[in-house]
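User: Hi! Could you walk me through this one? I have a few quick questions.
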Amino acid sequence: MPRVVPAPATEAALLADLYHRAWLGCERLLDPRLVADQRPSATDVSAWFLGGFEIYRVRHDGHVIGAVRCCFPASTCLVDRLAVDPDLRGRGVGQQLLQHAIGRARRAGVTRVWAQVSPKLVATQALFRSLGFREAGQVCAAYWDEDVLLLELPV
């Protein structure tokens, strides 16, 4: 299994391409505005590196095949932007990325890791739950007209 490492800012375009591929076709399941928000441009990804986010990625055969983003507001860790190449799903890449993010949160000394997941993304929700995340609440993200689960993991 390839290693999870910090993504360099020079890979912003490759990361944006991964997010584009990872969310292809999701408009059939989710509000198109939510899907559009999950497909950042290379400029948006570049801004993440300047804005206090940590981005980790996995490469295989010269391609970025998975990524996750973390930030650390108020003694917690927010994990978002988990994406895996659609051709490589189900092979442990997402689990490896999420375990890395949880380990990073532990090293940072935070007390909780948070994530938001659409209840319609059953496999993603199952991945988070398999690593100990529990539902802490559910909100309707009005802009997207979608329910979102707030998941929590005490660390």
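Predicted model: local features only at pLDDT ≥ 70, side-chain atom pairs only at ≥ 80, totals over all residues.

User: Great. Which strand is L151 found in?

Analyst: L151 belongs to β7, the strand that covers residues 146-154.

User: And what does L151 touch, leaving aside residues up to four places away in sequence?

Analyst: With those set aside, the residues touching L151 are V113, W114, A115, V117, F128, R129, F133, R134, E135 and A136. As for A136, its C-alpha is 5.5 Å from that of L151, although the two are 15 residues apart in sequence.

User: Nice. Switching to pockets: how much space lies in the largest pocket?

Analyst: About 880 Å³. Its lining is made up of 34 residues, and W23, L82, L121, T124 and F128 are the closest to the centre.

User: Which element gives the largest share of that lining?

Analyst: That would be β4, with 7 residues. At least two lining residues come from each of α1, β4 (76-84), α4 (93-108), β5 (112-117) and α5 (122-130).

User: How many of the lining residues are nonpolar, polar and charged?

Analyst: The lining of the largest pocket has 20 nonpolar residues, along with 8 polar and 6 charged ones.

User: You mentioned α1. Which of its residues are buried?

Analyst: In α1, the buried residues are A12, L15, A16, L18, Y19 and A22. They lie on the same side of α1, because the arc they cover around the axis is only 155 degrees.

User: What covers those buried residues of α1?

Analyst: The cover includes α3 (42-50), β2 (54-60), β3 (63-71) and β4.

User: New topic: where does D31 lie?

Analyst: D31 is in the loop that runs between α1 (12-22) and α2 (32-37).

User: It's in a loop, so is D31 buried or exposed?

Analyst: Buried: D31 has a relative accessibility of 12%, and the cut-off for buried is under 20%.

User: What lies 2.7 Å from a polar atom of the D31 side chain?

Analyst: That's the backbone nitrogen of R33.

User: And which residues does D31 touch, if I ignore those up to four places away in sequence?

Analyst: D31 then touches W144, D145 and E146.

How values were computed: Residues numbered from 1 in each chain as written. Heavy atoms only, no water. Helix = DSSP H or I, 4+ residues; strand = E, 2+ residues; numbered from the N terminus. Buried < 20%, exposed > 50% of the residue type's maximum accessible area, 1.4 Å probe, protein only. Polar contact = N/O pair within 3.5 Å; in protein donor to acceptor, adjacent residues only side chain to side chain. Contact = heavy atoms within 4.5 Å. 1 Å grid on protein atoms, 1.4 Å probe; cavity = no way out; pocket = protein on both sides within 12 Å on 5 of 7 lines; lining within 4 Å. Points joined across faces, edges and corners; volume = space filled by probe spheres on them. Nonpolar A, V, L, I, M, F, W, Y, C, P; charged D, E, K, R; others polar. Arc of directions from axis to C-beta.
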